[in-house]
Amino acid sequence: DVRTVYAYVSRGSLTRVSTDDTRRSWFDADEVELLARHGRPRTLTRSRAGIEVVVGSSVSTIADGEISYRGHRLARLLELGTPFEAVAELLWTGRLAPTPTPTPTPTPTTPTSWVIARPVRSAVRRATRALDPGVEPLARMAVGLAASTPLLAAASGPNPDSADSLEQNQQLVLTLLESAAEPRASSTVAQNGSARFDWPFAASVWSSFSPLVPTRPRVAAMNCALVALADHELATSTLAVRIAASARADLSSCLQAGLGALNGAAHSGAADAAHRRLLERVLEPGAADRPTSPTYAGGAAVHPEGDPRLGLLLSAVGPIAGPRRGPRIELLRAQAEGERRPLDVDFALAALCFAGRMPLGAASAIFAIARSAGWIAHRQEELAERPLRFRGRAVPRRA
């Protein structure tokens with residue numbers, strides 16, 4: 001079907017080379033074969049562990065063992081101490097604001113616009129305070145996001161439907177934080193003391209989940225986690241966001257799609273599982289002497305040589321883990337490596353939550369808050385494409 005071929009061309013999934021005869025085009029045989037393999041029917045007996053979907057994107061790339069955001073290497077962004085706020089706006093605009101060199105007495109580097117609007121905050125609080133205290137953070141986020149949706153347009157300026165509305169994007173990320181914060185905490189209260197750090201938003205996230213004082217090393221570790229998790233090409237939740245965007249869903253609905261896909265044992269649930277495993281070693285007598293079977297490393301297929309985010313984040317967590325929890329993190333890491341079970345960033349995020357005495361569920365909440373920056377960028381990119389409905393084709397199941 002010619003229309004299907006040119007749909008792939010328009011999305012960057014297939015390279016077209018024109019000939020002298022304008023009615024003819026050439027296509028790379030390897031690209032055609034790749035697309036054909038992805039499109040062939042699959043059944044319950046498929047042998048592959050996942051299904052790949054080819055979509056052109058410049059938000060983030062993974063190549064040669066490195067992750068880049070809009071062409072900026074993740075390792076370099078972390079080395080420079082780039083605030084999450086600047087990374088989020090890099091993903092949204094393609095421009096990276098200069099990051100001042102961290103100093104012993106830091107000054108605020110975050111635009112004042114990264115403060116949740118009062119009407120939005122009030123709507124989120126009314127909705128989430130009506131929930132049972134046992135409701136998990138991701139569910140709280142979904143409720144808070146739904147409650148604030150009618151107000152986000154008012155908070156985003158004269159053109160709320162514009163994909164370039166930084167104010168709306170910021171308010172959505174802040175809404176997720178306000179919704180997920182522990183009932184005892186308030187991201188607004190945390191913001192009042194955040195000017196002491198080079199990473200104000202990370203300070204707010206830390207105070208929203210951890211009972212520990214937000215010292216500079218702790219906030220730096222949180223910022224490292226947020227930046228490392230901001231995007232990761234077309235992960236499952238990101239693909240869900242793009243599918244919703246392809247149907248021209250509004251921004252809040254697209255984020256709801258991302259939250260739904262993220263809330264699974266094979267996605268952010270892996271970080272919560274690792275956090276639970278670390279807690280078991282502390283809470284259960286003799287647990288440290290019993291064998292365990294870590295079940296994380298969902299990114300092993302993407303990073304065959306090892307997830308580069310793992311070491312970067314664990315290096316930031318090490319100094320804040322303390323003499324009791326630090327060795328337990330290393331014990332579980334060594335055990336997994338001894339069993340040849342590769343670890344990825346989920347384990348590092350769990351280690352951060354463990355070091356910060358955060359409750360179960362904090363890992364998936366932090367994951368969602370960070371990844372929302374990438375989700376928004378992918379929605380913007382999808383809206384720039386011609387409308388193309390994602391559609392699967394059902395085939396009869398084999399007996």
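Student: Is glutamate 381 buried or exposed?

Tutor: In this predicted model, glutamate 381 counts as buried, because its relative accessibility is 15% and the cut-off for buried is under 20%.

Student: Which side chain does glutamate 381 meet in a salt bridge?

Tutor: The partner is arginine 242, and the N to O distance is 2.6 Å. Glutamate 381 belongs to helix H16 (residues 362-383) and arginine 242 to helix H11 (residues 236-246), so the pair links distant parts of the chain, 139 residues apart.

Student: And what about arginine 242, buried or exposed?

Tutor: Arginine 242 is buried, with a relative accessible area of 0%. Shared partners also join salt bridges into one network, made up of Arg242, Glu381 and Glu382.

Student: How many salt bridges are there in the whole structure?

Tutor: The search finds eight. One of them is formed by the side chains of arginine 125 and glutamate 178, at 3.3 Å from N to O.

Student: Where do arginine 125 and glutamate 178 lie?

Tutor: Arginine 125 is in helix H5 (residues 118-129), while glutamate 178 is in helix H7 (residues 166-180). The pair therefore ties together parts that are 53 residues apart in sequence. Arginine 125 counts as partly exposed, at 24% relative accessibility, whereas glutamate 178 counts as buried, at 6%.

Student: Which aspartate does arginine 216 meet?

Tutor: Arginine 216 meets aspartate 198 in a salt bridge of 2.9 Å, N to O.

Student: What is the accessibility of arginine 216 and of aspartate 198?

Tutor: Arginine 216 has a relative accessibility of 27% and counts as partly exposed. Aspartate 198 has 6% and counts as buried.

Student: New topic: how many residues are in the largest nonpolar core?

Tutor: That core has 89 residues. Those with the most contacts inside it are Tyr69, Phe84, Phe201, Phe209, Leu226 and Leu349. Helix H16 gives the most to this core, with twelve residues.

Student: What does phenylalanine 84 touch?

Tutor: Leaving aside residues up to four places away in sequence, phenylalanine 84 touches several residues, including Trp114, Val173, Phe201, Leu226 and Ile369. Asn223, Ala370 and Ala373 are also among them.

Student: Back to H16: at what angle do H15 and H16 pack?

Tutor: Helix H15 (residues 345-355) and H16 pack at about 115°, and their axes are 9 Å apart. Their crossing is right-handed.

Student: Which residues make the contact?

Tutor: From H15, they are Asp346, Leu349 and Cys353. From H16, they are Ala362, Ala363, Ile366 and Phe367. By class, the contact has six nonpolar residues, no polar ones and one charged residue.

Student: Zooming out, how many helices and strands does the chain have?

Tutor: The secondary structure comes to 16 helices and five strands.

Student: And what share of the chain is buried?

Tutor: Of the 399 residues of the chain, 47% count as buried.

Student: What share of the contacts comes from residues 24 or more positions apart?

Tutor: Among contacts in the chain with a separation of 6 or more, such residues account for 72%.

Notes. Residues numbered from 1 in each chain as written. Predicted model: local features only at pLDDT ≥ 70, side-chain atom pairs only at ≥ 80, totals over all residues. Heavy atoms only, no water. Salt bridge = Lys/Arg side-chain N within 4 Å of Asp/Glu carboxyl O. Helix = DSSP H or I, 4+ residues; strand = E, 2+ residues; numbered from the N terminus. Buried < 20%, exposed > 50% of the residue type's maximum accessible area, 1.4 Å probe, protein only. Core = buried A, V, L, I, M, F, W, Y, C linked by side-chain atoms within 4.5 Å. Contact = heavy atoms within 4.5 Å. Axes fitted to C-alpha atoms, helices over the stretch in contact; angles between N-to-C directions. Left-handed = near helix turned anticlockwise from the far one by under 90°. Nonpolar A, V, L, I, M, F, W, Y, C, P; charged D, E, K, R; others polar.
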